[in-house]
Amino acid sequence: MSGIFETGNQDSALTIGGTRISGQEVRSQNVMAALSISNVIKTSLGPVGLDKMLVDDVGDVTISNDGATILKLLEVEHPAGKILVNLAQQQDTEVGDGTTSVVIIAAELLRRANELIKDHIHPATVIAGYRLACKEACKFIADQMALKVDKLGNEALVNVAMTTISSKILGAYGTFFAEMAVDALKAIKTTDYRGKPRYPVGAVNVLKVRGASARESSYFTGYALYRPFTSQAMKRTLKNPKIAVIDFDITKTRMKMGVNVVIDNPENLEAIRKREADISAERARMLLDAGVTALFSTRGVDDVYVKMFAEAGAVTVTRVPKEDARRIAKGTGASLLTTLANLDGDESVDPATLGSAELVEQVRLADDDVVVIRGASEQRASTVILRGPNDYMLEEMERSFHDSLCAVKRVLESGSCVPGGGAVETALDIYLESFATTLGSREQLAIVEFANALLSIPKQLSVNAAKDSIELISKLRAYHAAAQKASADSPRSQLKSYGLDLHNGKLCDNVKAGVLEPAMSKIKMLKSATEAAINILRIDDMIKLLPEQQPEDPHAHM
């Protein structure tokens, strides 16, 4: 796959040992690389998009239609191609959805800009026009297209999640997973120092369990850990526990590497061995004396000390993954302890480093035991258990569910959404073409091309659904042109929410149909795609140094 992005022009040799490509040639190469990447993922756009199967160098298979996942697994060598890969990763991190769209728009903007430059329009003029068009487009979305979620109610949040997962593997299960995503996110609502609501997606823990059908997936409030209690003798349920999270092991103490103990009297050997065991026993006793009733360790705890905890009525969980340990510490108000040493050089347990919760219990899930922490004191958590037949499906289900969580989070935090199905892109095309006619400068040409580039999204949606894109897009443009010319109280003004109904091959009111997307997703998508296109357009020279030649070994033939 990566071979199509390689460069190999040796025409202009440099004295420093490399090649130089300048002017229109480097620009055309960059555009070709961007279009090659766009062509790889564009057929996966939309609710009827197709999946890609990627096999890496060790034979691991990934099946996905998520743009960021596909591009991350491609080994892109061209520098301009890497910019688009990073662009998709950024969109995935900041918004969670729109990763395919942002790459398609960026590639189309580059292609059209390259045509303008071939017609002797200076790159600086094109860049200025693109910046102005992006600014106007974002303003138009916020003022004209955005809808307040408060007016649409909880159903709008489910529709946003449903729109996000409709193009993925979970789309076949209706609103089942969409409602689960909304419930899981609402359960972890917190407020920041300014009093604004925040929904940390990291507080939603997703467990993947093989076996059973996807419809047997479930959700509950609390943080679940795919580890059992260390001993069968421990209680299965513990109310109001004091929680300690440690990043060291409680095992028989051994001397560090390189430390030797020289013994004159053999009788002292047994005393040293006993002291090695007593050091860890004292640490376990310190934790119990501090009131610890639930211990989570990222490392091991020997059976001798597990017995001490069990007899004291406490529970222990070992080999907890670091990421889970950090989340438990943050949620319960505990500190992740790497040592018990204090500033005086002694060992002690500060009660302030312990966390609390309402309940810690061990529950049976399929063939495994899972520890669940409910009612964490600092940050609420929720857990979603995904069920599926195999690892490939479970991984794709997790990616799809994470995208829906991110989309709902953005809508809840920003409070606004926009109609989907190409409605926003078509409305912007009509608006920007009209706006371009008010300018008397060369930037007008760049703005018109920017507007036409946005139509690549509804066009690709139609093509992927095997519909007549020319007829559908023509009708859709006519609807939005009528909506923008109509007065606010005219029935025609409602045509602005019309978009593509890809299953039936016609146009429909996407607000009533429930096809909604986060407004922030569209704004971020436009800004990111424009900036990426501008960064690549500014390049007019590429110098590629040749690798240093290693001197031949005269003994290599032997």
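**Legends to close-up views of the predicted model**

**View 1. An open sheet of four strands, with antiparallel pairing, has the order E10-E18-E17-E11.** The model is predicted: local features need pLDDT of at least 70, side-chain atom pairs count only at pLDDT 80 or more, and totals for chains, interfaces and linings use all residues. Residues are numbered from 1 along each chain as its sequence is written, and side-chain values use heavy atoms, with hydrogens and water left out. Strands (E, at least two residues) and helices (H or I, at least four) are DSSP runs numbered from the N terminus; two strands pair if DSSP finds at least two bridges between them. Strand E10 (223-225) and E11 form the edges, each pairing on one side only. On average, neighbouring strands of this sheet are turned by 25° against each other, direction ignored. Helix H11 (residues 322-332) packs on the sheet and touches E10 and E18, its direction making about 150° with that of E10. Contact means heavy atoms within 4.5 Å; axes are lines fitted to C-alpha atoms, for helices over the stretch in contact, and angles run from 0 to 180 degrees between N-to-C directions.

**View 2. Strands E17 (residues 359-365) and E18 (residues 368-374) run antiparallel and are joined by seven bridges.** Arg364 has Asp369 in E18 as its bridge partner.

View 3. Rings of Phe, Tyr and Trp (its six-membered ring) pair if their centres lie within 6.5 Å; planes under 30 degrees apart count as stacked, over 60 as edge-to-face and the rest as tilted. The pair of Phe140 and Tyr431 is stacked because the ring centres are 4.5 Å apart and the planes lie at 20°. It links distant parts of the chain, with Phe140 in helix H5 (residues 123-145) and Tyr431 in helix H13 (residues 423-436), 291 residues apart. Phe140 is buried at 9% relative accessibility, and Tyr431 is partly exposed at 24%. Buried means under 20% relative accessible area, exposed over 50%, and partly exposed in between (1.4 Å probe, protein chains only). Ring pairs link Phe140, Tyr431 and Phe435 into a cluster.

**View 4. Tyr479 and Tyr498 form an edge-to-face aromatic pair.** The ring centres are 5.3 Å apart, with 65° between the planes. Tyr479 belongs to helix H16 (residues 469-485) and Tyr498 to strand E21 (residues 498-501); the two are 19 residues apart. Tyr479 is partly exposed, with a relative accessible area of 31%, and Tyr498 is partly exposed with 23%.

**View 5. Helix H8 (residues 176-186) holds buried residues, among them Phe177, Met180 and Leu185.** Their cover includes helix H7 (154-165), E8, E9, strand E19 (382-388) and helix H12 (391-414). H7 is mostly covered, with 10 of its 12 residues buried, including Leu157, Asn159 and Ile165. From first C-alpha to last, H7 reaches 17 Å, close to the 16 Å expected at 1.5 Å a residue; the expected span is 1.5 Å times one less than the number of residues.

**View 6. Ala212 and Asn240 have positive phi values although neither is a glycine.** Most residues other than glycine have a negative phi. Ala212, with phi of about 70°, is found in the loop between strand E8 (204-210) and strand E9 (218-221) and is partly exposed at 36% relative accessibility. Asn240, with phi near 45°, is in the loop between strand E11 (237-239) and strand E12 (242-246) and is exposed, with a relative accessible area of 61%.
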